[in-house]
Amino acid sequence: MQKQAIFQSKLLPYALVAPQLAIVLIFFYWPALQAVIQSFLLQDAFGLSTSFVWFDNYIELFRDPAYFEAVVRTFFFSFAIAISSLSFALLLAVMADKPLRGSMLYRTLLIWPYAVAPPVVGVLWIFMLHPSLGVISRYLRAAGIDWNPLLDGNQAAGLIILAAAWKQISYNFLFFLAGLQAIPKSVFEAAAIDGARPMRRFWTVTFPLLSPTIFFLLVVNIVYAFFDTFGIIDTMTRGGPGTSTVTLVYKVYSDGLLGGNLGSSAAQSVVLMIMVIVLTGIQFRFVERKVTY
Amino acid sequence: MALRHFGAAAAVALTVGLGASPALAVTEIQWWHAMTGANNDVIVKLANDFNASQTDYKVIPTYKGNYPDTMNAGIAAFRAGNAPHIMQVFEVGTATMMAATGAVKPVYKLMAETGEKFDPKNYLPAITGYYSTSKGEMLSFPFNSSSTVMWVNLDELKKANVEIPKTWPEVFEAGKKLKAAGHDTCGFSGSWVTWVNLEQLSAWHNTPLSSKANGLDGFDTVLEFNGPLQVKHLENLVELQKTKVYDYAGRTNTGEGRFTSGECPIYLTSSAFFGNVKAQAKFNFTAVPMPYYPDVKGAPQNSIIGGASLWVMGGKPADDYKGVAKFLTFLSDTDRQVYIHKASGYLPITKAAYAKAKEEGFYKDQPYLETPLLELTNKEPTENSRGLRLGNMVQLRDVWSEEIEQALAGKKTAKQALDAAVERGNTMLRQFEKTAVK
């Protein structure tokens with residue numbers, strides 16, 4: 001029996017993973033540790049005066065009703081963004097998977113938006129739907145709709161979800177298309193011969209076989225909605241009107257960077273980190289059971 | 001070896017060839033700023049002119065993004081130990097900079113230590129008051145200053161047969177008439193909702209925004225802008241928002257296009273909007289002083305400034321400071337101030353420059369360019385109109401905007417919204433007080 005045929009030296013495998021480990025340590029664990037330390041401190045923006053305040057930053061955070069509103073809002077936004085962009089991307093992928101003339105062109109065009117940075121997405125949509133700058137908002141107003149996301153919180157929230165979901169569609173589309181093309185055609189043919197109609201074929205054959213992709217994308221999308229949407233929020237609404245588009249990450253940014261309140265901002269980051277760890281844990285513990293690889 | 005020699009020789013040849021001053025003995029002075037477009041050109045020209053005027057120092061201007069970005073970049077650089085020499089900080093960052101004793105070098109100290117000629121009396125008090133201690137010690141050097149004015153579309157007013165309004169009730173009436181005349185989405189509006197409708201409104205009516213001379217006399221200041229004047233003003237706006245005689249245009253200046261496009265014929269925003277209006281408006285326009293409530297005794301008082309000032313960062317070698325001081329003296333020169341004033345539309349900071357611009361007839365064709373100066377110098381500043389110095393001002397404004405938006409959306413009454421804005425703001429001020437260096 002030979003177990004370790006490749007690595008003769010004991011040190012070599014460690015040496016080979018060392019660069020990767022170093023990157024993870026420097027770019028993930030070190031900043032995470034810094035955030036934890038910072039969350040116990042009270043410090044001015046310049047770092048000139050520092051005092052250790054134990055859990056004060058956390059206590060203040062949990063006393064703030066606005067924080068819980070932001071938690072609920074973030075979960076709502078995340079699910080709305082994930083579900084809408086996933087379902088729309090799946091629809092597009094199924095359609096683009098058909099043998100069509102020029103399907104490569106459609107596919108390429110559908111992938112494009114992913115290359116756009118979140119703040120640019122925000123600006124793009126602002127040019128279409130800003131109450132005074134927007135091209136579409138003129139038509140909306142002409143049609144008698146009182147379109148004003150500057151004052152209507154629901155409209156503003158809808159706008160953020162729309163822009164954030166739009167950007168993610170391309171990414172999801174890419175994975176769905178790859179997933180669809182990996183399903184052997186013979187399975188469909190067998191189902192078709194058994195007399196299953198397209199809708200039934202989709203729900204009983206395609207969907208289960210795509211489930212690993214869907215699960216992976218669900219995790220990625222929720223993480224995206226949690227962390228990556230703040231650029232969109234910052235350019236589109238700055239959290240307004242009122243606080244109706246302040247999410248947890250945006251609050252971290254505005255308290256820490258705009259407000260110079262690094263302690264509270266760090267405490268929020270730590271809470272956010274724990275939340276995402278728990279959320280991902282739940283997904284892998286419970287949702288993954290429904291997934292057939 | 002030979003190659004390295006060649007490289008050095010080439011570098012020398014290049015330097016000489018480009019006619020630059022000898023590389024030795026030139027002290028570099030880093031200047032971080034947030035100016036774009038035409039104003040960026042002004043900055044580059046000022047730096048180039050200064051560099052050409054002497055051989056000992058070289059000012060290097062660097063664009064670091066918008067105001068908050070520039071400030072954050074400076075703070076991050078300071079924490080990392082390589083702050084620039086000069087940092088342009090917008091007026092709302094004043095308290096944060098001031099609280100950072102040790103991180104900044106007050107301008108009056110810098111000038112005294114380096115022996116530069118410097119008399120704070122030469123500068124317009126309405127401008128320097130904002131950046132000085134209550135003892136009159138200038139902490140930062142005013143660079144670009146503006147104030148709130150009311151921009152008016154003369155053509156549309158004429159069409160609707162409306163006189164230029166002077167008081168708030170007249171503005172409301174004008175808005176209604178303009179709406180009736182076809183401006184059904186916006187009779188009047190404004191940018192920077194808290195600056196115009198809380199900060200400037202309070203100063204213009206000699207009413208406190210917060211205790212301790214609006215924070216100038218100490219960080220233990222308490223917000224007081226939920227008084228009858230501010231509540232009444234917000235109530236008026238809420239009422240007019242319902243019919244769109246007034247239409248909210250956002251927290252920052254993204255709504256300014258509504259004026260230049262002709263949608264809103266009356267628009268309150270910064271006097272620094274001039275450049276855009278001139279470039280884009282296809283109608284006759286002017287800028288007049290902010291309106292006031294005639295039933296408030298003593299109104300109008302004087303307005304307060306917006307814009308930015310230059311902060312000198314601490315912990316640099318003495319020789320660098322000599323250069324910085326020379327550069328500030330260079331900027332204070334009368335002709336140079338007149339140039340900045342004309343090229344950027346920002347206000348001149350010295351009395352002599354203002355007098356000279358006047359003498360040259362600069363305001364004859366464009367009298368509205370003098371409006372912000374007339375507002376600032378309308379009366380001798382009082383405790384309530386000298387300026388503001390509130391910590392965490394950027395975020396404070398966001399919190400106030402949130403509450404104003406709730407009132408305008410009809411979710412809270414004006415009184416409830418301002419009470420909440422005061423309460424939430426006070427919490428943030430106490431937080432700031434805790435961290436401020438004593």
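On a 1 Å grid over the protein atoms alone, a pocket is an open set of points where a 1.4 Å probe fits, with protein on both sides within 12 Å along at least five of seven lines, and its lining residues have an atom within 4 Å of a point. You're looking at a predicted model, where local features need pLDDT of at least 70, side-chain atom pairs count only at pLDDT 80 or more, and totals for chains, interfaces and linings use all residues. Residues are numbered from 1 along each chain as its sequence is written, chains are lettered from A in the order in which they are written, and side-chain values use heavy atoms, with hydrogens and water left out.

**Stop one: a pocket.** Select A:D64, A:A66, A:K251, B:R424 and B:M428, which lie nearest the centre of the second largest pocket, lined by 37 residues. The lining divides into eight nonpolar, 12 polar and 17 charged residues, where Asp, Glu, Lys and Arg count as charged, Ala, Val, Leu, Ile, Met, Phe, Trp, Tyr, Cys and Pro as nonpolar, and the others, Gly among them, as polar.

**Stop two: the disulfide.** Next, pick B:C186 and B:C264, whose sulfur atoms are 2.0 Å apart (a disulfide is a pair of cysteine sulfur atoms within 2.5 Å). B:C186 lies in the loop between α8 and β6 of chain B and B:C264 in the loop between α12 and β7, so the pair ties together parts that are 78 residues apart in sequence. Both B:C186 and B:C264 are buried (under 20% relative accessible area, with a 1.4 Å probe and protein chains only).

**Stop three: rings.** Show the Phe, Tyr and Trp rings, Trp by its six-membered ring; they pair if their centres lie within 6.5 Å, and planes under 30 degrees apart count as stacked, over 60 as edge-to-face and the rest as tilted. That rule gives 51 aromatic pairs over all chains. Zoom to B:Y130 and B:Y131: their planes are at 55 degrees, so the pair is tilted. Then try B:W168 and B:Y293, with planes at 25 degrees, so this pair is stacked.

**Last stop: a lysine over a ring.** Select B:K64, whose charged end sits over the ring of B:W32, 4.2 Å from its centre (NZ of Lys or CZ of Arg within 6 Å of the ring centre and within 35 degrees of the ring normal).

How values were computed: Helices (H or I, at least four residues) and strands (E, at least two) are DSSP runs, numbered from the N terminus. Buried means under 20% relative accessible area, exposed over 50%, partly exposed in between (1.4 Å probe, protein chains only).
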